[in-house]
Amino acid sequence: MKADAVRGHLDGLLLAVLEPGPLHGYAIIAAVQRRSGGVVELRTGTIYPALNRLERIGLLSSSWESAGERRRRCYELTDEGRRTLAGERTAWDEFTQAIGSVLNPSSPPGLTT
């Protein structure tokens with residue numbers, strides 16, 4: 001999928017995959033790819049700035065965790081992040097319904113039932 005198709009929806013995607021619990025960056029990338037059936041592939045250069053921005057505005061919190069000898073930053077939703085995710089889902093439903101109505105109208109224009 002082209003990066004342009006994801007633009008504008010990245011925050012919602014990141015918040016959604018973090019809803020079940022904390023994840024580190026590569027696990028976030030893998031979760032988006034898995035949940036999209038392999039269609040959406042995010043790059044580290046895309047998600048880390050977004051994660052930092054979401055943390056800065058209070059939608060995520062992060063902490064360092066050790067995995068063997070490696071340390072990695074794990075991100076999780078804040079209460080504000082959960083509220084924002086709910087709003088993102090509502091906006092997405094409205095958007096897809098509106099676009100679907102245009103692309104797949106139930107009856108041809110000009111005809112009444």
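**Exercise 1. Find out which residues Thr78 touches.**

Step 1: skip residues up to four places away in sequence; Thr78 then touches Gly58, Leu59, Leu60 and Ser61 (contact means heavy atoms within 4.5 Å).
Step 2: Helices (H or I, at least four residues) and strands (E, at least two) are DSSP runs, numbered from the N terminus.
Step 3: look at Gly58 again, as its backbone oxygen lies 2.6 Å from a polar atom of the Thr78 side chain.

A quick note on the source: this is a predicted model, where local features need pLDDT of at least 70 and side-chain atom pairs count only at pLDDT 80 or more, while totals for chains, interfaces and linings use all residues. Residues are numbered from 1 along each chain as its sequence is written, and side-chain values use heavy atoms, leaving out hydrogens and water.

**Exercise 2. Work out which members of the largest nonpolar core touch the most other members.**

Step 1: of its 22 residues, pick Leu14, Ile28, Leu42, Leu51 and Leu60. Such a core is a set of buried (under 20% relative accessible area, 1.4 Å probe, protein chains only) Ala, Val, Leu, Ile, Met, Phe, Trp, Tyr and Cys residues joined through side-chain atoms within 4.5 Å.
Step 2: helix H2 (10-18), helix H3 (25-35), helix H4 (44-56) and E3 each supply at least two residues of this core, and H2 gives the largest share, 6 residues.
Step 3: zoom in on Leu14; beyond its neighbours within four places in sequence, its contacts include Ile28, Leu42 and Leu51.

How values were computed. Polar contact = N/O pair within 3.5 Å; in protein donor to acceptor, adjacent residues only side chain to side chain. Buried < 20%, exposed > 50% of the residue type's maximum accessible area, 1.4 Å probe, protein only.
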